[in-house]
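Biologist: Shall we go through this model together, a question at a time? Please put it on the screen first.

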Amino acid sequence: MSETSYMEQELHSQPETWREAARIGAADGPLPKAGQRVAVVGCGTSWFMAQSYAALRESAGLGVTDPFAASEAFLGSDRGYDAVVAITRSGTTTEVLRVLDSVKGRIPTVTILGDTETPAVAISDETVALPFADEKSVVQTRFATTALTLLRAHLGEDTSGAVTDAQEALAAPMEQAWVDAEQFSFLGTGWTFGLANEAALKMREASQSWTESYPAMEYRHGPIAIAAPGRVTWLFGQAPEGLEADVVRTGAHFVRHARDPLADLVLVQRVALERARARGLDPDNPRSLTRSVMLDAPAAS
């Protein structure tokens, strides 16, 4: 593995890409308007960003917003969606393309993508291109967080504090306990549950680590049984009453920071990178993964 990986370069560029995405998101564009019923689709990391966006949009009172894994999207006419938002870094993911094709002419679509020379552009009614956030590493970092920053800005959020926090997260000390930990459980509430899912995925992809993710209030309904010395419970956002004390009693290391939760995801990306290095792994080319999942077309009958 090279001394400086693509993953490292890309995750360190996030404050800059977030600023540009916030500028685009705050401007008038094709993203859904207030009051529209919206379905958001993606695969893997993009699905988790869809979860966060959906929770943010609904909690802001801007309209029904349902996140779907693209392979499991229920977009029948009886659901009454006014728009479909697709998130895809590559613009080539088969399941996302199938969704866009299936609703063409029936539900207006807008796709957020990194690569504009891809099939998703032709299939989508509208696109929001983030080529400055596209990546060479298979493991996504900046595209996902930049897309969510775009969406947060479109919802009317001031993301300048998140940018400042991301800069701080990039310079924060790396605890050896995180690099050495046997297991991680990531927790979130509301929009940060999507971040917890993404944190767990990032750690699995880059470093083949044992990770899990749960809604924070669900953690005590069984999953806390895995907490133990040498393991980490990492919470994004506010801690439910008594949760930290419950985790500490198990001997596990409880982590929660006051910074913007999306910026805290940047720190988790750094931890995943350091864990990959400690294990001699190449985070840019994880085992069994490719930049985009493109399925073979079914054989004709």
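Biologist: Thanks! At about what angle does H9 run to S7?

Modeller: Helices (H or I, at least four residues) and strands (E, at least two) are DSSP runs, numbered from the N terminus. Helix H9 lies across strand S6 (183-188), S7 and S8. With axes as lines fitted to C-alpha atoms, for helices over the stretch in contact, and angles from 0 to 180 degrees between N-to-C directions, H9 runs to S7 at about 175 degrees.

Biologist: Before we go on, what kind of model is this, and what pLDDT do local features need?

Modeller: Residues are numbered from 1 along each chain as its sequence is written, and side-chain values use heavy atoms, leaving out hydrogens and water. This is a predicted model, in which totals for chains, interfaces and linings use all residues, side-chain atom pairs count only at pLDDT 80 or more, and local features need a pLDDT of at least 70.

Biologist: Which strands stand at the edges of the open sheet?

Modeller: The sheet has four strands in the order S7-S6-S8-S9, with parallel pairing; two strands pair if DSSP finds at least two bridges between them. Neighbouring strands are turned against each other by 20 degrees on average, direction ignored. Two of the strands have a single partner strand each, so one side of each is left without a neighbour in the sheet: these are S7 (211-215) and S9 (253-256).

Biologist: Staying with that sheet, which residue of S9 does Val-232 stand opposite?

Modeller: Strand S8 (residues 231-236) pairs with S9 in the parallel sense, over four bridges. Helix H11 (residues 261-278) also lies across S8 as well as S6, running at about 155 degrees to S8. In S9, the residue opposite Val-232 is His-253.

Biologist: Now the charged side chains, please. How many salt bridges does a search of the whole structure find?

Modeller: A salt bridge is a side-chain nitrogen of Lys or Arg within 4 Å of a carboxyl oxygen of Asp or Glu. Glu-8, Glu-274 and Arg-277 are linked in a network of them. Over the whole structure, the search gives 15.

Biologist: Arg-89 and Glu-135 meet in one of them. How many residues apart in sequence are the parts that the pair ties together?

Modeller: The two side chains come to 2.7 Å, N to O. Arg-89 is buried at 3% relative accessible area, and Glu-135 is buried at 5%, where buried means under 20% relative accessible area, exposed over 50%, and partly exposed in between (1.4 Å probe, protein chains only). Arg-89 sits in the loop between strand S3 (83-88) and helix H4 (94-103), and Glu-135 in the loop between strand S5 (126-129) and helix H6 (142-154), so the parts tied together are 46 residues apart.

Biologist: And Glu-198 with Lys-202, buried or exposed?

Modeller: These two form a salt bridge with their closest N and O atoms 2.9 Å apart. Both lie in H9 (residues 192-207), four residues apart, which is about one turn of the helix. As for Glu-198 and Lys-202, both are buried.

Biologist: I see Arg-152 in helix H6. What separates its C-alpha atom from that of Arg-57?

Modeller: Arg-152 is buried at 5% relative accessibility, and its side chain meets that of Glu-157 in a salt bridge (2.9 Å, N to O). Beyond four places in sequence, Arg-152 has contacts (heavy atoms within 4.5 Å) that include Leu-56, Trp-191 and Asp-260. Arg-57 is 95 residues away along the chain, yet the C-alpha separation is 8.5 Å.

Biologist: At roughly what angle do H2 and H6 cross?

Modeller: Residues of H2 including Trp-18, Ala-21 and Ala-22 meet residues of H6, among them Thr-146, Thr-149 and Leu-150. The axes of H2 (residues 14-26) and H6 come within 7 Å and cross at roughly 35 degrees.

Biologist: Last one: how many of the ten residues of H4 are buried?

Modeller: Its buried residues pack against strand S1 (38-42), S3, strand S4 (109-113) and helix H5 (119-123). Among them are Leu-97, Val-99 and Leu-100. H4 is mostly covered, and its count of buried residues is seven.
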